[in-house]
Amino acid sequence: MLTRREVRGYMATIKQRLNALKAHTQRAELAANRPLGSVCVLAVSKTKPAADIMQAYIAGQRHFGENYVQEALGKQAELSAFDITWHFIGPIQANKTKAIACHFDWVHSVDRLKIAQRLSEQRPPSLPPLQVCLQVNISQESSKSGIMLQDLSALITAVEGLPRLRLRGVMTVPEPEQDVALQRLPFRMLYHAVEQLNRPELDTFSMGMSDDLDAAIAEGSTLVRIGSALFGARS
Ligand SMILES: *Cc1c(COP(=O)(O)O)cnc(C)c1O
């Protein structure tokens, strides 16, 4: 049986959830002594229909994240009249880099040089450079994509040499934890590791999802990737 809170969650519209999420993000920014507006909300619309994206768009949302190339291309075609900034956040297969380079503004999940080189070569000259984050496997889970922290510096140097990419920062998906204090540790570790590299051009920390956004914002996230808290649970 659903709790009262869950029933409210189901019945809330995407617009209501988006407003609640923005208010929540602002409270987390203030709690962390950070300027209002320092955290961008990326709406993760994987598995959700274009109609849901349209509802969020009408409510003011402009940044959307997708994980699967074919699914994303279909929705992008349906929504071509809208001024959307598209972010690719899923694992990248080499045979999908061309479609990603042609149809996205940002990629958060670059974790090897070969993929970065292909994205740079395949980025159409008519488009601005592709904005890129490097994905770090901060919890060192064998099942997860991302580079190990000790390899980050070398990959940054290599990717910065690629002409059609603009390296913006890092992304991570830590191992799930319930406790906020434990959730904060991997975010803090990544934030400090990047700070120590002393590269001010790396201004993006893509950290935090529906269940750990407070911890991520407390530790310096500049972009939270929110799916289920905005669009409801995925089946
Ligand atoms: C699905 C996904 C999200 C959103 O997750 P929620 O828990 O639904 O907010 C964020 N980041 C990545 C990389 C994802 O694959």
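Select the ligand first: the space that it takes is the second largest pocket. A pocket is, on a 1 Å grid over the protein atoms alone, an open set of points with protein on both sides within 12 Å along at least five of seven lines. A molecule sits in a pocket if more than half of its atoms lie within 2 Å of the grid points of that pocket.

The structure on the screen is a predicted model, in which local features need pLDDT of at least 70, side-chain atom pairs count only at pLDDT 80 or more, and totals for chains, interfaces and linings use all residues. Residues are numbered from 1 along each chain as its sequence is written, and side-chain values use heavy atoms, with hydrogens and water left out.

**The ligand and its shell**

Next, display the residues around the ligand: Val44, Lys46, Asn67, Ile89, Val173, Met209, Ser210, Arg225, Ile226, Gly227, Ser228 and Arg234. A residue belongs here if one of its heavy atoms lies within 4 Å of the molecule. By type, this shell holds five nonpolar, four polar and three charged residues. In this scheme Ala, Val, Leu, Ile, Met, Phe, Trp, Tyr, Cys and Pro are nonpolar, Asp, Glu, Lys and Arg are charged, and the others, Gly among them, are polar.

Now select Lys46, where an N or O atom of the side chain is 2.7 Å from an oxygen atom of the ligand. At Arg225, a polar side-chain atom lies 2.8 Å from a nitrogen atom of the ligand. At Arg234, a polar side-chain atom lies 2.8 Å from a ligand oxygen atom. The protein buries 89% of the 390 Å² that the ligand exposes when taken alone. Such areas come from the Shrake-Rupley method with a 1.4 Å probe; for residues, only the protein chains shown count as cover.

**Asn67, a member of the shell**

Move to Asn67, in the loop between strand E2 (63-66) and helix H4 (69-78). Helices (H or I, at least four residues) and strands (E, at least two) are DSSP runs, numbered from the N terminus. Is Asn67 buried or exposed? Asn67 is buried, because its relative accessible area is 12%; buried means under 20%, exposed over 50%, and partly exposed in between (1.4 Å probe, protein chains only). Select Gly90 as well: its C-alpha atom is 3.9 Å from that of Asn67, although the two residues are 23 apart in sequence.

**Two buried side chains with polar contacts**

Select Glu219, in the loop between helix H9 (213-218) and strand E8 (223-226). Glu219 counts as buried because its relative accessibility is 9%. Its side chain makes polar contacts with the side chains of Arg184 (2.7 Å) and Arg188 (3.0 Å). A polar contact is a pair of N or O atoms within 3.5 Å; within protein, one must be able to donate a hydrogen and the other to accept it, and residues adjacent in sequence count only if both atoms are side-chain atoms.

Then select Gln131 in strand E5. Gln131 is buried, at 15% relative accessibility, and a polar contact of 2.6 Å joins its side chain to that of Arg168.

**Two loop residues with positive phi**

Which phi value does Thr47 have? Thr47 is not a glycine, yet its phi is positive, about 70°. Thr47 lies in the loop between strand E1 (40-44) and helix H3 (50-58) and is partly exposed, at 43%.

Finally, select Gln140, in the loop between strand E5 (130-136) and helix H7 (152-160). Its phi is also positive, near 50°, and Gln140 counts as exposed because its relative accessibility is 51%.

Definitions and conventions:
1 Å grid on protein atoms, 1.4 Å probe; cavity = no way out; pocket = protein on both sides within 12 Å on 5 of 7 lines; lining within 4 Å.
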